Amino acid sequence: MSRPAPRSRNALNIARFLTVLVAVTAVVVGTVAPVAVATASASQSTTASLARTAGDPAQTGIVKTSLAGFSAGNIISDAVFTNKSTMTEAQIQSFFNGKVSRCQSGYVCLKDFKISSVNRPADAYCSGYTGAANESAARIIYRVAQSCNINPQVLIVMLQKEQGLISHTWPSSWRYDSALGQGCPDTAPCDPNFVGFFHQIYGAARQMQIYMEGKWFQWYAPGKTWGILYHPNASCGRGNVYVANKATAALYYYTPYQPNAAALRAGYGEGDGCSSYGNRNFYNYFTDWFGSTQKPAYTPTGAIATEWKRMGGAAGALGNPAAPVQIVTDPNGNGQAQQFAGGWIHSSAKGTFSSRPQVMTAYSAAGWLRGDLGWPVTQGWCTSGICSQAFEGGIISYATGKAATTTFGVSPGAIDKEYAARGGATGALGKPLAAVQLVSDPNGSGLARKYTGGWIHSSAKGTFSSSSKIMAGYSAAGWLRGDLGWPAKAEQVVTDPNGNGVAQEFEGGWIHSSAKGTFSSSATVMKAYSAAGWIRGKLGWPTGAETCTGQVCAQGFNGGMISYIKGQAAVMTLGVTAAAINAAAAAQTSVTKSLGVGQTVQTVADPNGSGLAQKFTNGWVHSSDAGTFVSSAPIMSAYSAAGWLRGKLGWPTGMETCSGTVCSQPFEGGTISYTPGKAAVAMLGITSATVTTMRSAQAGALGAAGAGVQVVADTNGNGLARKYAAGWMHASDRGTFSSSTKIMNGYSAAGWLRGFLGWPVKAEQVVTDAKGNGVAQEFEGGWVHSSATGTFSSSSKIMAGYSAAGWVRGDLGWPVKAEQVVTDRNGNGVAQQFQGGWVHSSAKGTFASSSTVMTAYSAAGWLRGKLGWPTSAETCSGGACSQTFTGGTIAYSPGKPAVTTFK
């Protein structure tokens, strides 16, 4: 549709007012309705240069700012205006990225802006558009350009001259809603059909084709001379302009003012009270960003052309040339340079290299090739989102989406200087094996070069050489891309009674190389190592690599170990060494005899503590702050099954010993024991003191031992058991307890520790009560009671009701029969008889019933009758007692028989 009142946002210091142009009747494409081509006015702008940023052409110092070549009648040629192939979507996005390095918090800049588009039908002006969700600004501009045959560079420039969106770092939402001023007259609110970024881009591009068609818009028709105003204020006058082409006519339909002489002299700045800037700024931005608005464009030649083609030519990252080749004469060296839409190419004695916009922003700020950086010496290089380019005097690097930074002194010259200082080809480094490498990395960018005898690295930390010995550890640690980062100090030769070697400091730690090997150490380890005297202290040289398991890390040294939990300070432990392992292997042979051949010593980092471990043919040796101990093959079998030192047992705390029928070894979390010829058993919570107790031939009231110690492995838990003259002793992670023969009768009848009772959990107790005396003992799964009425076990279920009824000391008294398992159609459960009643436990609950209730309950068929299982405790109130059951109630008054009532 026509644009009744186009809004131009580039007139400076002018009052808003209405200028009536011409009223015509037009047929809106797709409808049959008259449209008045009414007014066009310019809005005020509060700045002279539309939000200057580091990406603004006028700020770089090396871009074109002259209005030379501007022609009011031929602002841009039709061929350039309608060349839809000037930029790919990726090139548009890269261009946006280069103009804004960082957006202010709380805002979304154009480079990051996304919006959902909608379908648009094809017509005589555009080939239509298929809407899509979450499209970037670059993608929308590219697709619209293809659909409407408009140069995407035209749309980009219009976004800048209308709202400053290309370089804006804090754009509000209204800027996107009226991005190109399409359908947004100064005299009325924006047409709702054109509100929103997509509608603005598509609507404006389509409108340009309508303008160029010349059917509905003819008052700036090409091939004629027109008197075009300088300013909305008619008193400022007008000048005759021969409009040479359709594209220029379209720009005047969009912004109907030409710049006066003052505006042209001002470049990007402010002219006088009669100046307007829309079409001037269109020309300024276009030529500064994309080159000539006319054809033919600037054609690269020679080495620059070769590099341009290598980068993909016009379809590549650099895009089309934006300016002619510059011949540069400078004390830093002579050469040529040419600007392109997506960067620059420089050609000098150092070579011919392209530079992207992000690099060029920093390069320009540093004085371009005339500054301390001089000419480029490498191509740009990107790794893991970090890009860099080397220059004679330093390096420029940047992370994707962020501003580039310059580091001076990182240069091939710095590497050459260090090489010479180390004796050159006749020195320790020897001859170069490769050219200087440009390295881009999150740890920082720099240069590196390989030699016969080592490397030289140059970064912001300085330029340092590293011998082949140091490089072996550096490479193993991930080179400069690892935790060590770049070298931070020169390699040093160390002479010490602990041994000689070399060492070098890096950003994230050190590397040490001696007769013990070459190993890297993190900054955390180094803090503890330095506090312990470094190489010259008791720890001596590293003997192994720093290793980490989860959050725990450790490293072995000649005199001990350093370990730490990530985020916490490292701890030194002296004596945890390979020498300690060898000594233990030689001395602790009473059980294992000779251990045989040993494998490589392992450094073990674990939350249970760090240490060393070595496997031999016939066993293992472990060394930690708990000591250094040998473990036989049977012990190791159970130890491994229990999770080794990473499990609940932790590290060994004593030697493996054998006595009688049992061999045992203590650990931090328990003991492993076995009877020779049988499998070893890991027993958590059992200490060496417990083992000693179990090995005793006498046990107080239990009398003399009647058998050897048994090592018990069971699903109820592992432990030790031993028979004595008057009972047994059991040891597990629940404790060590003796049980008399009376208790053992009930315990054995219930399946011993392998039954539902499990292991003892408390000492046997003697019970004195009016209902009779006896003994009782608690187990994991219940109790055993022994009195004049007999010895019986009671499960935890029965015990819940028994305890609630007062236990032995309550009305129930002692058990008189064994607990029985009941299976019945009324439901399953367990029941047990006591002196004064019963306890029943089912899905309905666990409840005690007195002898009075039981008489009536039995008469009614017990739980197999209509009453079924008890559903509540027996209660008494006001001289009446009762208990409910599934099928009824039993009630009685004390001293009288109970009465059953069925439901």
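Student: How exposed does R734 come out, counting by relative accessibility?

Tutor: R734 counts as partly exposed at 28% relative accessibility, where buried means under 20% relative accessible area, exposed over 50%, and partly exposed in between, using a 1.4 Å probe and protein chains only. This is a predicted model, in which local features need pLDDT of at least 70 and side-chain atom pairs count only at pLDDT 80 or more, while totals for chains, interfaces and linings use all residues. Residues are numbered from 1 along each chain as its sequence is written, and side-chain values use heavy atoms, with hydrogens and water left out.

Student: OK, and which residue does R734 form a salt bridge with?

Tutor: Its partner is E780, with the closest N and O atoms 2.3 Å apart; a salt bridge here is a side-chain nitrogen of Lys or Arg within 4 Å of a carboxyl oxygen of Asp or Glu. R734 sits in the loop between β37 (727-732) and β38 (735-740), and E780 in the loop between β40 (774-779) and β41 (782-787), so the pair ties together parts that are 46 residues apart in sequence. Helices (H or I, at least four residues) and strands (E, at least two) are DSSP runs, numbered from the N terminus.

Student: How many salt bridges are there in the whole structure?

Tutor: The search finds 20, among them one between R422 and E418, whose closest N and O atoms are 2.8 Å apart.

Student: Switching topic, why is strand β30 largely enclosed?

Tutor: Five of the six residues of β30 (residues 627-632) are buried, so the rest of the structure largely encloses this strand.
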